[in-house]
Amino acid sequence: MKSFEELGLQDNILQAIKELGYENPMPVQEAVIPYLLGGDNDVVALAQTGTGKTAAFGIPLLQKLDPYEEYTQSLILCPTRELCLQIADDLKDYAKYIPNARILAVYGGASIKNQISALQKGVQIIVATPGRLLDLMRRGLVDLSHVHSVVMDEADEMLNMGFSEDIDAILDAVPEQRSILLFSATMPDEIEKISLKYMQNPREIIIGKKNESTASVRHICYTVQAKEKYQTLKRIVDFYPRIYGIIFCRTKAETQEISDKLIKDGYNVDALHGDLSQVQRDYVMQRFRLHNIQLLVATDVAARGIDVDDLTHIINYTLPDENEVYNHRSGRTGRAGKTGISIAIINMRETHRIRAIERSIGKTFEVGKIPTGKEICSKQIFNLMDRIEKTEVVEEDIADLLPSVYKKLEWIDKEELLKRIVTMEFNRIISYYQENEDFEAANEKLAQKYVEVPVQPGFSKLFINLGKMDGLSPKNLLSLINDCVKGEVEVGRIDIFTRYTLFDVACESAKVVTEELGTLKMRGRKIRVNPATEEQITRGAKAKNDAFKKKESRKKDRRGRK
């Protein structure tokens, strides 16, 4: 690993980042900084949020800055006010020892007069949201004719928010001889179009894999009846007493509804959505960053630009319409070297969406089992004991109370006192969940009722008369397809049973796979491949269901023996 000194940084920047606690460059910084310092190069960098992107593009811009010229030299575009302010603040920290460096955040929802006043004094780096920047450009208050570098941070987010035309108008106003630095967590088609239209031989720098979810994030899926989603949400939150995260909803109305219900039920939450004023949004975000709010219920649009490193959980109360949006949601946890959990609460009809997301992120969801009342109770009591153990006692504050407390409880020894504290907390928690036993029974029944073998969108499900008894494994099946079928074949879900296998292939490849594999023999037996019938799919579901029941039965037996 290289040091920042080896990347070729100036002493004044090195001093500033050293004071910020930067020791060694992160992978995206090590890859991007030397390349950008080497000339006016175009870059498409794919990296998850929280990987150090701001320093990766910000430090080279500052090193190229001429602090004695007042015209705008660099432009940074980002999707939200929150991200705009964060980037501007970070750049000001990096530029602490650069004389006369002037950096301005330009965004909607704030006084345009103050921004105009700052622009008239001369600004070398503008960090802006597209809408407000275009407004100032149309008023003739922003001159981009000397800009040599344009950064688009979270470009995929800007396109998802409908800024495509605004970006076109802004890029048309900067000189043809400029470098464009495009940073994105995913690589949708629209990003490639921008690259082809405005960039010259861009270097693609990928940290991780394209469209890959953060490596340190677990993905868990809870499948429940639609009417039980809210009860499931509460159980999940109760099962993680120290949860600090975001609950994502699809609409503003749903966001406010879920927030109101959680507040009424005693949870420490607040809502963030587009119907709030900018002052209200700032207040909520400030409380959330200070951990005065444990959970934030938010829409995707309102949550964009939130940059909090220590989120423990992301909960998808409703799945987003696009797989890339799920990727952005889950990427907000598991950052800065920490682990995180991304949870999806779905109904049975949404199972196919989970399979599509799995293909997008390159990971498999764990099957979540809804916590029982006793399991939640155990977690909550342990958390209480932990809080008691870590409580710092300041005797002066409670000195007047202690004599009467000692006198009141002098007849109870330590062991009995602890028993009573645990019992009191246990009764409080378990009494609530005993009222919801029907919910537990219904979901246990749902889990055992049916295990799907779904058909993925864009795929055809095929049957092959080889199974576990033939020694077939997913790896063997893929090798068979690769060896016998010309061209690339996209293979999806594979379910291997005792005597046969059901597997998904892309629709355009189904016919050729069926024909080519159908000509083979194995140990003298003709291989039969055909589009899976409803009867075969149902039989497969029943086999998985029987296996699931046996597994659960063995678990219960083991618990009984203990």
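## Basis of the model

Because the model is predicted, local features need pLDDT of at least 70 and side-chain atom pairs count only at pLDDT 80 or more, while totals for chains, interfaces and linings use all residues. Residues are numbered from 1 along each chain as its sequence is written, and side-chain values use heavy atoms, with hydrogens and water left out.

## Overall make-up

The protein has 23 helices and 20 strands, taken as DSSP runs numbered from the N terminus (helices H or I, at least four residues; strands E, at least two). Of its 562 residues, 50% are buried, where buried means under 20% relative accessible area, exposed over 50% and partly exposed in between, with a 1.4 Å probe and protein chains only.

Among contacts (heavy atoms within 4.5 Å) between residues at least 6 apart in sequence, 76% join residues at least 24 apart.

Beyond its neighbours within four places in sequence, valine 127 is in contact with residues including Ile76, Cys84, Leu91 and Ile103. In helix 6 (residues 130-138), the buried residues are Pro130, Arg132, Leu133, Leu134, Leu136 and Met137; glycine 140, which follows helix 6, has a positive phi near 75°.

## Aromatic pairs and charges over rings

There are eight aromatic pairs, in which rings of Phe, Tyr and Trp (its six-membered ring) have centres within 6.5 Å; planes under 30 degrees apart count as stacked, over 60 as edge-to-face and the rest as tilted. The rings of phenylalanine 4 and tyrosine 22 are tilted, because their planes stand at 35°, with centres 6.2 Å apart. Phenylalanine 4 is buried at 2% relative accessibility, whereas tyrosine 22 is partly exposed at 30%. Tyrosine 326 and phenylalanine 365 also form a tilted pair, at 5.7 Å centre to centre and 55° between the planes, and both residues are buried.

The charged end of arginine 203 sits over the ring of tyrosine 35, 4.7 Å from its centre, the criterion being NZ of Lys or CZ of Arg within 6 Å of the ring centre and within 35 degrees of the ring normal.
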